[in-house]
Amino acid sequence: MAQNGNGDNGLDESTDHDHKLGQKGGGTQLKEEEVSVERMFQHLLVPSWRNQLTFRAFVVSFALSILFSFIVMKLNLTTGIIPSLNVSAGLLGFFFVKTWTKFLEKSGMLRQPFTRQENTVIQTCVVASSGIAFSGGFGSYLFGMSEEIAKQSTDTSDYKNPKLGWIIGFLFVVSFLGLFSVVPLRKIMVIDFKLTYPSGTATAHLINSFHTPRGAKLAKKQVKTLGKFFSFSFLWGFFQWFYTATDQCGFQAFPSLGLKAYDNKFFFDFSAIYVGVGMICPYIINISVLLGGIISWGIMWPLIKTKEGQWYETGLGESNLHGIQGYRVFIAIALILGDGLYNFVKVLTHTLWGLYHQIREKQRENVLPVADQDSPSNSRLSYDDHRRTQLFLKDQIPTWFAIGGYVAVAAISTATLPHIFHQLKWYYIIVIYLIAPTLAFCNAYGCGLTDWSLASTYGKLAIFTIGAWAGASHGGVLAGLAACGVMMNIVATASDLMQDFKTGYLTLASPRAMFVSQIIGTTMGCVVSPCVFWIFYKAFPDLGRSTSEYPAPYAIIYRNMAILGVQGFGSLPKNCLLLCYIFFGSAVLINLIKDFLGKKGRFVPLPMAMAIPFYIGPYFAIDMCVGSLILYVWERINKEKADAFAPAVASGLICGDGIWTLPASILALAGVKPPICMKFLSRATNQKVDTFLGN
């Protein structure tokens, strides 16, 4: 999901992973053109757009959307690092429907064969649905409104606790606008400007390969591998649960690097999900996260603790924002904002420069791109391009329908949102909706050029602008967070839809089928994601606390961004603002060096990834680096096999551990606690051993 593949999918905005995936996808596209993919499929009839939308496709999509929503939600509420799950969605969708059709074929009941277009519909629906688990803000702006997070911030008066009813209503009125805003631009982006959309291209290549005889055979082996590691990961989570009867016990609290390191959150917590994430994420992301943990918890926080009584009052505790926690949170915010602002300016400049050249080139040809205009015939088009363009333009989505849909949903949303958030005035919403289509276009166009979705960066801009406009006396904190949600949903869904249009273009899936699938997937997500969050919210009473199994690190960060936008910097501890300036500047400088070095810049760490452990600690980075090490050794031994099966192994580890949270949550809701508490080498145990040996 351009959250992966879906844009905001890892590092809060999983841009760097998507960019890496995109580079792979771009390379395979050239290979695909050389062998003429469409000639391999020319003997097959392309089903009509209605026949691409099958009942079985949406049954499978619904089941997978629940699975993937649990995975994304768990990652949201633990670290915020969400890898691209597009490959897993395409692979599992292929497996389930292929199994379904084989069973029907043997029984003589098969009426419609499984096609790559139907596979694309499933992948689109699943990614759209699970994408709401990220853009819905359950680990960031939405949960940042709660009383639990407010208690941990400097402003405890302005909060709104989660309720299933208003969350579902909020998502329904904001999640569809982005889809309508870019529909008229689909032809311009995909055909006229020929934007790459690397993640969409890579996903299309994967789906096309599944439906060739050789690809189907490999896919079967990949799914078998995924199933094995899914079972292992699920059973490992079940086994670990038995030993976690109280806090700070079990395998996840094993001081594998020693007690002193454990106190500073350096330990391996035996989490299969983060080992899997480490195998999917590029090496530089995992190294950056570990480096950030070493700089913060290994060097900075121990040094700042020696200044207790000078830089901040003594006895404030670990979670007080006027003490050590203030440095952890606000320095992390400075790194995130520095990295986000740099990349926002960079991608926006790239977008405007690229758009200028595209329009200038069209003017020279005396053809300006128009949404509903047929493309001029071009004898230079390859067979594949000609076939794809012909079918892509066949099922048009009327521009009047898109504009009318946007206006209608915007009107309903403007009337509804002030009843959900009274701090968010109707005129704030109108201003957002007037500028949102432009920002959605910029995000979708930039994503097509670079594979970078900056949805959460646009959301942060809304936090500061609307929060400052509302002011402290008129609920600026909640107004800013709610505005963030509105903006983030619009620009995220816009880039996701355009990625899917590119995938559909390359697999001959109808744009109408893509649009309907995205609508149905978004509708599923607006119900499934809040229900999944509600399970976590009710099952884990300490959700959102820094000591919890689910600390939701971005919730406190987003809330404090809103407070900064409204109140300014007056409440920060001594020298914290200076350190924030230094780290903000460092993030910009690191990005400049990274871009200046060109290809060598891939070895430069990423500030966004470095910021994550500043608040929650580096324990998960060790798990991710273990995943990287496994992949590295595997590639050295057999690179071809690693390339083919590593995504399946990683997906299995992520899916198994992610889905284990469902029975774990149900057990917690039922009041069933694990039977054993296994405290490994705790200080109390060590003292008893020392006393015994001393005697």
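This is a predicted model: local features need pLDDT of at least 70, side-chain atom pairs count only at pLDDT 80 or more; totals for chains, interfaces and linings use all residues.

1. The surface carries a nonpolar patch formed by W426, Y427, I430, V431, L434, I435 and W469. Together these residues have about 700 Å² of accessible area. Helix α19, which spans residues 426–450, supplies the largest share of the patch, namely six residues.

2. I430 lies in helix α19 and has a relative accessible area of 33%. I430 is therefore classed as partly exposed, since that class lies between the cut-offs of 20% for buried and 50% for exposed.

3. Most residues other than glycine have a negative phi.

4. F270 has a positive phi, near 55 degrees, although F270 is not a glycine. F270 is located in the loop between α13 (259–263) and α14 (272–280). With a relative accessible area of 24%, F270 is partly exposed.

5. A552 is likewise a residue other than glycine with a positive phi, in this case near 45 degrees. The loop that holds A552 runs between α22 (511–539) and α23 (553–567). Is A552 buried or exposed? The relative accessible area of A552 is 0%, so A552 is buried, as the class requires a value under 20%.

6. In summary, F270 has a positive phi and is not glycine, and A552 also has a positive phi and is not glycine. F270 is partly exposed, whereas A552 is buried.

Definitions and conventions. Residues are numbered from 1 along each chain as its sequence is written. Side-chain values use heavy atoms; hydrogens and water are left out. Patches are made of residues with over 30% relative accessible area and no salt bridge: like charges are joined within 9 Å, nonpolar side chains (Val, Leu, Ile, Met, Phe, Trp, Tyr) within 5 Å. Accessible areas come from the Shrake-Rupley method with a 1.4 Å probe; for residues, only the protein chains shown count as cover. A salt bridge is a side-chain nitrogen of Lys or Arg within 4 Å of a carboxyl oxygen of Asp or Glu. Helices (H or I, at least four residues) and strands (E, at least two) are DSSP runs, numbered from the N terminus. Buried means under 20% relative accessible area, exposed over 50%, partly exposed in between (1.4 Å probe, protein chains only).
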